[in-house]
Amino acid sequence: MRFMITCRIPMEKGDELAKAGRLDSTIQSTMEGLKPEAAYFSDIEGGRVGYIVVNMDDASQIPAVAEPLFLGLGAAIQVHRVMTPEELGRATPAIEQASQEYD
């Protein structure tokens, strides 16, 4: 299953890591451990944020993904199950059935 993690790095922790010259290396080592399918970094509401896509077979794997973000970056995270366009296509019959039932 594919999950998207939104990872907000607190300004204080990010600044601390940046000033120590460790922000990049901390993010890189965290990503090496997570082995994401994709990872993008940007800003949101004036702060640092990462969007990380990982594959997990079971929800019990969430702590293994979350803890490095919590401990290494002091991050607040949100984890959401996401679908590829192909998976969404396979879900279309159920969507159409629900739309008929709840019209």
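The model is predicted: local features need pLDDT of at least 70, side-chain atom pairs count only at pLDDT 80 or more, and totals for chains, interfaces and linings use all residues. Residues are numbered from 1 along each chain as its sequence is written, and side-chain values use heavy atoms, with hydrogens and water left out.

**Fold**
- The chain has 4 helices and 4 strands, taken as DSSP runs (helices H or I, at least four residues; strands E, at least two) numbered from the N terminus.
- From the N terminus on, the order of elements is β-α-α-β-β-α-β-α.
- The radius of gyration, taken over C-alpha atoms, is 17 Å, well over the 13 Å that the globule rule (2.2 Å times the number of residues to the power 0.38) gives for 103 residues, so the chain is more spread out than a compact globule.

**Dimensions and burial**
- The C-alpha trace spans about 55 × 30 × 20 Å along its principal axes.
- Buried residues (under 20% relative accessible area, 1.4 Å probe, protein chains only) make up 28% of the 103 in the chain.

**Helices α2 and α3**
- Helix α2 (residues 23-34) packs against helix α3 (residues 62-73) at an angle of about 170°, and their axes, lines fitted to C-alpha atoms over the stretch in contact, are 10 Å apart.
- That angle, on a scale from 0 to 180 degrees between N-to-C directions, makes α2 roughly antiparallel (over 145 degrees) to α3.
- In contact (heavy atoms within 4.5 Å) are T26, I27, T30, M31 and L34 of α2 with A64, V65, P68, L69, G72 and L73 of α3.

Technical notes: Angles under 35 degrees count as roughly parallel, over 145 as roughly antiparallel, 65 to 115 as roughly perpendicular and the rest as oblique. Buried means under 20% relative accessible area, exposed over 50%, partly exposed in between (1.4 Å probe, protein chains only).
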